[in-house]
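Work through the exercises below with the model open. Each task is followed by a solution in steps.

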Amino acid sequence: MADPACTAFAGKTPPRSWGRALLLTLPIALWSLFMSLRGLLQPDRSLQIASALTAAFLIALFFMMMKTSSTYRWRRWFFVALGVLFPIEFIHNVMVLRGSMGIPIEEMIAGRTPFCFLPIPLLILPAALTKTLVFPGSLLPGGGMAGAGMAAMAGLWLAITLVVGKGWCSYACFFGGIEEGMAALPKKAHWKKLDPRLRLVPWAVLLAMVLLSLALFEPAYCMWLCPFKAVSEYVAARNTVGMVQNGIFVVLFAALVIVLPLLTKKRTQCTFLCPFGAFQSIFNKTSVFDIKIDRTVCSPCVLCQKSCPTMSLTDESIKKGETLMSCMKCGACVDACPKGAAVWHIRGTQVAVKPERARLMFLYAAWAMAAMFGGTIITQDLATILQRVI
Amino acid sequence: MGGPFLVGEAFLLGLASGPACVASCGPVVVPSLLAEGAGWRLNARYLSSFLGTRFLGYLLFAAIAWELGVLVSPPPAVRTLIYGGIHVLLGVALLWYARSIGRGCAHACAASGLVSIGRVGKRGVPGAAILGLLTGVSLCPPFVAAGLRAAQLSNLAAALLFFAVFFVATTLWFVPFVGMGCVRRNASVIFVARTAMILVALYYLLAGVAMLAGRRIYG
Amino acid sequence: MKWPTSKLGYTAAGMTVVVAMLVPFLLFGLFTKGFTKLGLRVDEMYSGGPTVRTIQADGYTVTIHKAVYPHLLQTEKPFVQLDWKPVNALPQHVSDAVDVDGDGQPDVRVSFDVPKDPKTPLRVDVDALNPRYQAMRNVGKQKFSELIVRVDDAILVRVPLTGR
């Protein structure tokens with residue numbers, strides 16, 4: 001019988017030495033420290049501590065990625081922290097500023113509605129046809145909860161998408177962490193047989209919401225379907241229909257972000273609803289990084305398929321040696337594959353030739369974005385919590 | 001006012017209103033068209049059927065409105081009831097249509113003819129025709145604009161001519177939709193189109209019921 | 001034949017890492033600026049439309065906006081927005097006849113109380129002196145096209161149009 005310690009890394013990159021792992025972490029360590037510099041130089045002690053903690057957290061996680069050669073479980077810590085801390089700070093801020101999570105009509109008129117990235121695909125057609133943004137926010141910094149304005153969010157989204165493509169859903173999205181955390185809690189899935197057609201629903205939601213947004217001249221997804229309104233902000237219910245809308249948000253959040261991830265160990269909101277995720281999948285076609293299945297090594301044991309949080313691997317796709325378009329490059333399948341058949345890959349190169357080089361290049365780019373965007377959000381969130389505590 | 005001038009005015013108004021018509025009908029047309037079989041001929045048939053009955057809906061409403069003397073500006077309460085009723089009917093028709101696609105596939109794979117609502121086969125009513133009629137009588141804003149202009153004309157024939165020319169001009173904006181025939185149809189595309197249709201239908205149903213119950217959707 | 005594509009792949013991957021390094025220093029700002037230069041504007045149903053003119057009153061001003069018309073399936077009414085500002089210069093009770101269309105004749109009389117506490121809900125009465133405008137009685141902020149709200153240092157009133 002083979003030694004389990006050896007089979008565990010058959011065909012995979014073995015763990016690195018401390019020195020080599022530290023050396024590989026150095027660029028990201030410098031980057032993370034640079035990103036936290038602004039916070040460290042502020043007179044606010046809470047912000048200083050938060051910046052230092054965030055930088056240490058991000059560097060430690062990246063070091064572990066380098067040391068253990070696994071990606072998913074370390075990235076998950078960052079992603080869950082981002083997903084849990086973001087709503088805490090957001091709700092705290094809206095409560096301080098407005099005393100309610102409901103956006104009053106005067107805040108919408110003043111263009112102070114916070115703008116997240118989710119409505120971006122819904123705004124494209126009305127903007128292209130009428131030069132109008134169907135969102136009650138500000139193009140430029142509008143003060144209050146509007147933050148940096150729609151232009152900054154759009155600019156940031158475009159820049160990060162250029163770098164990581166659909167990897168946005170694993171390294172930048174500040175909503176997906178809650179369900180990823182929920183999915184990590186149970187040891188095994190209670191619901192294993194999920195209709196594979198359901199993963200097409202986000203495309204249907206995208207199609208319907210884009211068309212309705214154009215016809216109704218409003219961000220239809222934000223008005224009717226966004227589960228994260230339950231943990232951020234929503235249109236203050238001034239009438240029965242408003243109550244129905246808020247009811248939909250709460251039910252969708254409870255079902256898709258809390259209950260179903262616990263039962264299925266999948267990111268069910270991302271897999272079965274999120275239209276932004278479907279839209280972002282398009283950028284998988286433009287990204288230079290992807291995940292491949294080395295058919296010469298694959299058994300197939302379908303462990304990769306089981307581990308994928310978004311059902312982006314099917315029997316057919318494994319036979320073809322690739323993931324589906326919805327793959328968000330979280331690395332779960334690569335880590336789960338006992339034979340090292342699931343590998344990181346750079347388009348144009350041969351499959352399974354220097355996959356660790358592909359992983360490193362992707363992780364440097366993705367973690368740089370994570371530290372810049374998610375790291376900043378985590379810092380702010382921690383600082384807010386520390387201000388309350390200290 | 002001269003005939004050619006009237007025709008020109010109606011045509012220009014139609015051309016200008018076209019994008020609004022496309023946006024207004026988009027949630028109904030795009031998913032249902034995608035759910036049909038592939039090929040530009042079939043898609044052109046769908047659009048002809050949809051636009052033809054939409055035109056009938058326009059004329060029907062215009063004629064009734066002219067006869068009743070209220071033209072296209074009924075009192076707000078009545079208008080809300082009409083809107084609400086049509087939204088509910090449209091929602092039901094879309095749901096029925098989405099259901100019929102699955103049934104159609106089992107028999108003819110939705111490739112040889114348009115998806116029928118009701119009985120499968122020659123006696124079924126093409127879904128496109130029903131959707132066209134319901135969008136035609138749903139008082140979309142460009143239609144109201146044309147109606148207000150037509151109301152100023154001296155007789156019913158002139159008003160109907162104005163509407164007809166206006167309609168032809170708006171229809172030009174729908175021609176590119178025939179290109180959707182080139183989109184390859186497989187089980188995934190049909191599933192996405194059907195699900196989108198169900199979501200749009202649920203919106204129309206909710207909006208319709210809210211309007212009938214006197215509740216506001218916005219504001 | 002694999003070598004050139006492989007080299008291209010690695011070059012593109014390397015460039016992606018470089019692009020990532022440039023995001024906070026160059027690309028973020030560049031894309032944000034580019035977006036603002038697209039000439040997009042926020043839907044007037046929210047923003048209230050461009051300013052047409054300003055009337056000077058007794059220590060305060062009334063700004064008149066261009067009429068806003070709803071799009072497509074929006075069920076709001078067309079409206080015109082009037083802003084009274086600054087709030088601290090307004091009397092306890094405002095009752096102004098406003099010439100909205102600029103023809104020299106007053107079109108609406110707008111009356112509302114100005115509470116000291118900015119959080120107190122506002123109510124407005126509008127008398128239509130011109131049939132183009134719709135009268136309002138004791139209206140708060142139920143609809144985008146029919147409301148009175150306080151935004152920063154201004155009190156905004158939106159008067160619906162009747163379509164006549």
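A salt bridge is counted when a side-chain nitrogen of Lys or Arg lies within 4 Å of a carboxyl oxygen of Asp or Glu. The coordinates are those of a predicted model.

**Exercise 1.** Apply the salt-bridge rule to A:Glu180 and A:Arg75.

Solution. The closest N and O atoms of A:Glu180 and A:Arg75 are 2.3 Å apart. The cut-off is 4 Å, so the pair is a salt bridge.

**Exercise 2.** Describe the interface of domain 1 and domain 2 of chain A.

Solution. Step 1: take the bounds. The domain assignment gives 16–99 + 355–390 for domain 1 and 117–286 for domain 2 of chain A.
Step 1: locate the two parts. Their C-alpha centres lie 23 Å apart, and the contact takes 28 residues from domain 1 and 25 residues from domain 2.
Step 2: give the area. About 2,300 Å² is buried between the two domains, with 78% of it from carbon and sulfur atoms. A:Phe79, A:Phe90 and A:Phe373 supply 28% of what domain 1 buries against domain 2, more than any other three residues.
Step 3: count the salt bridges. The rule finds one across this interface.

**Exercise 3.** Characterise the packing of H6(A) and H10(A).

Solution. The axes of H6 (residues 120–130) and H10 (residues 201–216) of chain A come within 8 Å and cross at roughly 35°. The crossing is right-handed.
Step 1: list the residues that meet. H6(A) brings A:Pro121, A:Leu122, A:Leu125, A:Pro126 and A:Leu129; H10(A) brings A:Leu206, A:Met209, A:Val210, A:Ser213 and A:Leu214.
Step 2: sort them by class. This contact has nine nonpolar residues, one polar and no charged ones.

Technical notes:
Residues numbered from 1 in each chain as written. Chains lettered and ligands numbered in written order. Predicted model: local features only at pLDDT ≥ 70, side-chain atom pairs only at ≥ 80, totals over all residues. Heavy atoms only, no water. Axes fitted to C-alpha atoms, helices over the stretch in contact; angles between N-to-C directions. Helix = DSSP H or I, 4+ residues; strand = E, 2+ residues; numbered from the N terminus. Left-handed = near helix turned anticlockwise from the far one by under 90°. Contact = heavy atoms within 4.5 Å. Nonpolar A, V, L, I, M, F, W, Y, C, P; charged D, E, K, R; others polar. Domains from an automatic or database assignment. Buried area = accessible area lost by both parts, 1.4 Å probe.
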